[in-house]
Amino acid sequence: MVIRISSGSSPTGAGYYNETKVGKGDAERLAVRNYRGVILPVQELGLATVTAKLEQQADLNPKIRKPTFHASLSMAKGEKPSAIDMIAIADRYMEGLGYGKQPYVIYQHFDTDHPHLHIVSVRVDSVGKKISDTYERERSNKLRQQIEKEFGLQVAQKAALRPERGQLQPVEYGRGDLKQDIATVVNGILQDFTFSSFSQFNQLLNLYNVRATEVALEGKKPGLVYSAIDSNKAAQGATFKASGLPRQPTMETVSRRMNAGKKVKGDKVARLRKVAFNQLAQSTGWDNFQQRLSGVGVEVIPHFGTGNNLFGLSFVDVRSRAIYTGSELGKSFTAGSLKAALGETYIAPSKRELAPEPTTKLTNKTEETDFTNKQTHLTQNQEPMPNLDLISQLLYAIGRDGDEQESEHELKKMLKRAHKARLS
């Protein structure tokens, strides 16, 4: 079982997230606990009823900026616990973590291929004191292991419920299940990478031979379709509506990720800018510059216009799995500035310094990081897409787990924050 915990500023926001799923048929409200005075059957409750009690209790201590407790409990693929078992698992978890007397709501979601629960509660008790979150993740992990034994669940580590690093590979038209292969890439990018624009989302997809396209819908917001592309970015085969793919990676979902990505990237860009400046100052040309960046976990994606003219670059920070435009890093990293510094003609790197295998633990250091390097040679005039060495770097990034996923945790927290300000 995999458990993820997030905090938020508004219980209404977390409730809205789950109730929207219920309204779409992608989730079911299984139970409410400690909702004294509520006599309606759980299936007949509405958003206002569900969130009113949580907001009321959160308001007992307005000094707590993030009173919302929102946990997801995911079982291993193939497990099929009954609704009664799911409720029992949720109750056991909340009791064990110290939330047994708190008001909370239990939801079961059906939008993935493994059964999972969401539990929404508040960190403020009935007298206005904060429920302790000291060593919360450590206590949650220990509790998870106990619940797995008590309920006979598979011991499913975090990586088991995510795309395996070997599975997220470029889509090959005519080989395999095209719809499933596209969905695997799209959901892998949405889950593991940080981006702040639709263009950046597509740049990441393009690395895996997939493209997202907005389509106009009469009287509605634009929709989204996905297709496979070849090395020339020409569409191959059928297009697939976002709503018809597993996990439904719609424009609404992509937009939430873009908005959250802006905040996450804003906190991270200073470190990356410093690293890039250091490498640029020591570089002797395009080839050397990209090799140096690759050696510290940053990959360059060039963008070409007519006549193979370089008009822009993107930078992928492999360790935080975030993509930046040159202008986001600073004026020195725009195409024009780099041409002036490194040469008018862009040259692809002759080799890349690939990251070590997943068994090697990375530290948070930058230039000083000691890589176990594996080199793959490229010709200087090689077609820049698909960039197989960059894909290898990104596959490695997706394969990491544990403490290296700080950026992912931040992104998930932001995505589950309120859609409106706290009530006061």
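Visitor: What follows H4, and what is its phi like?
Guide: H4 is followed by Gly152, which has a positive phi, near 65°. Helices here are DSSP runs (H or I, at least four residues) and strands are runs of E (at least two), numbered from the N terminus. This is a predicted model, in which local features need pLDDT of at least 70 and side-chain atom pairs count only at pLDDT 80 or more, while totals for chains, interfaces and linings use all residues. Residues are numbered from 1 along each chain as its sequence is written, and side-chain values use heavy atoms, with hydrogens and water left out.

Visitor: Which residues of H4 are buried?
Guide: Glu136, Ser140, Leu143, Arg144, Ile147 and Glu148 are buried in H4, where buried means under 20% relative accessible area, exposed over 50%, and partly exposed in between (1.4 Å probe, protein chains only). They lie on the same side of H4 because they cover an arc of only 145° around the axis, taking the directions from the helix axis to the C-beta atoms.

Visitor: And which ones are exposed on the other side?
Guide: On the other side of H4, Lys142 and Lys149 are exposed.

Visitor: New topic: which residues touch the most other members of the largest nonpolar core?
Guide: In that core of 30 residues, they are Ile182, Ile189, Phe195, Phe201, Leu205, Tyr226 and Val254; a nonpolar core is a set of buried Ala, Val, Leu, Ile, Met, Phe, Trp, Tyr and Cys residues joined through side-chain atoms within 4.5 Å.

Visitor: Which element gives the largest share?
Guide: H5 does, with 7 residues.
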